[in-house]
Amino acid sequence: MVDGLYMLENKASLAVIESMKTVRELSWSGVPSYMRPDVWRLLLGYASPNSDRRDGVLTRKRLEYLECVSQYYDIPDAERSDDEINMLRQIAVDCPRTVPDVTFFQQQEVQKSLERILYTWAIRHPASGYVQGINDLVTPFLFVFLSEYLEEDMETWSIVDLSPQKISNIEADCYWCLSKLLECMQDHYTFAQPGIQRLVFKLKELVRRIDEPVSRHMEEQGLEFLQFAFRWFNCLLIREIPFHLVTRLWDTYLAEGDALPDFLVYIFASFLLTWSDKLQKLDFQEMVMFLQHLPTQNWTYQELEMVLSRAYMWHSMFNSSPNHLAS
């Protein structure tokens, strides 16, 4: 990891950094874990870059979240519409399926927090409502903001060790950061998810430009990019890599800001082409199975950094000539 953000401590604290551009540039290559909660709040525009206003804004937003939970979640089903009841039931079904290989997320209290965040978000964002996949997007935020209060390994964490006030603050931070993240991807989670459809097409075109042999092989075998890449865009690769690498990946995501959707195309092209040689030896059915169960379980930061480095290089090469991705 490039530890550029460590350098900030020698020059100035986060409280007095005036240039968010500097924070983004340094965050792109990875944020030290103990700085991540503060940095992520800044990158998403949830926390004020003005240190004098920061605590006041956070307090106000956390109270607003608490009021929303009271108004929309902590009510009897008799006061909900049929659609709202069905949405809450779907969320309740999806929460236990969220990051199933991480024991912490299987705790009942953690799933209750997920449910409150997701339902409140969906009610407040009726244009999309709840869409499967959004549940995955909460988990990096939940992990990072819990890390401010819980130490040691995540597998030893218990959310019941925290006061209701702390849990509410963590949920509020997750809620607002999720809202900020999805602002630049609004059409990814509306009906038919046209934003994702558009990016999958761009991914196909980019792969064709970078690696024509694997692109041709996939086409000859009849493999459509939507068959595997839709989930990548929907869940931002959370289901494809070990969870301990997700926050590092998200440092780069959040550093990209509003440019993230287009940069995802380059990250996912780099991710796919990690296995270019392998894919060219597989038939249709073998490729489908391989892409649904990618061999990333033993990945370390080194493999992830390679993916991000290639993505950065290809973005520098192609982004100034966008006609190759014209839809």
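Me: Which residues are linked in a network of salt bridges?
Reply: Asp38, Arg41, Arg62, Glu148 and Asp173 form that network. Keep in mind that this is a predicted model.

Me: How many salt bridges does a search of the whole structure find?
Reply: The count is 19. One of them joins the side chains of glutamate 64 and arginine 124, at 3.7 Å from N to O.

Me: Which helices do glutamate 64 and arginine 124 lie in?
Reply: Glutamate 64 sits in α4 (residues 51-73) and arginine 124 in α6 (residues 108-124), so the pair ties together parts 60 residues apart in sequence. Glutamate 64 is partly exposed at 24% relative accessibility. Arginine 124 is partly exposed too, at 30%.

Me: What does lysine 202 form a salt bridge with?
Reply: Its partner is aspartate 262, with the closest N and O atoms 3.5 Å apart. That links helix α9 to helix α13, again across 60 residues.

Me: Is lysine 202 buried or exposed?
Reply: Lysine 202 counts as buried, at 18% relative accessibility. Aspartate 262 is partly exposed, at 42%.

Me: And arginine 248, what is the salt bridge partner there?
Reply: Glutamate 305, with the closest N and O atoms 2.8 Å apart. Arginine 248 is in α12 (residues 243-256) and glutamate 305 in α16 (residues 301-318), 57 residues apart. Arginine 248 is buried, at 1% relative accessibility.

Me: What about the sulfur of cysteine 184?
Reply: Also too far: the closest cysteine sulfur is 13 Å off, in cysteine 177. Cysteine 184 is partly exposed, at 23%.

Me: Now α11. Which of its residues are buried?
Reply: Helix α11 covers residues 226-235, and its buried residues are Phe228, Ala229, Trp232, Phe233, Asn234 and Cys235. They pack against α7, α9, α10, α13 and α15.

Me: What follows α11?
Reply: Leucine 236, with a positive phi near 55°.

Me: Which domain does UniProt place at residues 30-257?
Reply: The unreviewed UniProt entry has "Rab-GAP TBC" there. In the model, that span is 63% helix and 0% strand, and its end C-alpha atoms lie 15 Å apart.

Me: Last one. What is the mean pLDDT?
Reply: It is 92, and 92% of residues reach 70 or more. Residues 7-12 fall below 50; beyond near neighbours in sequence, that stretch has five contacts in the model.

Notes. Residues numbered from 1 in each chain as written. Predicted model: local features only at pLDDT ≥ 70, side-chain atom pairs only at ≥ 80, totals over all residues. Heavy atoms only, no water. Disulfide = S-S within 2.5 Å. Buried < 20%, exposed > 50% of the residue type's maximum accessible area, 1.4 Å probe, protein only. pLDDT = per-residue confidence, 0-100. Contact = heavy atoms within 4.5 Å. UniProt positions renumbered as here; feature names shortened; annotations may be inferred. Helix = DSSP H or I, 4+ residues; strand = E, 2+ residues; numbered from the N terminus. Salt bridge = Lys/Arg side-chain N within 4 Å of Asp/Glu carboxyl O.
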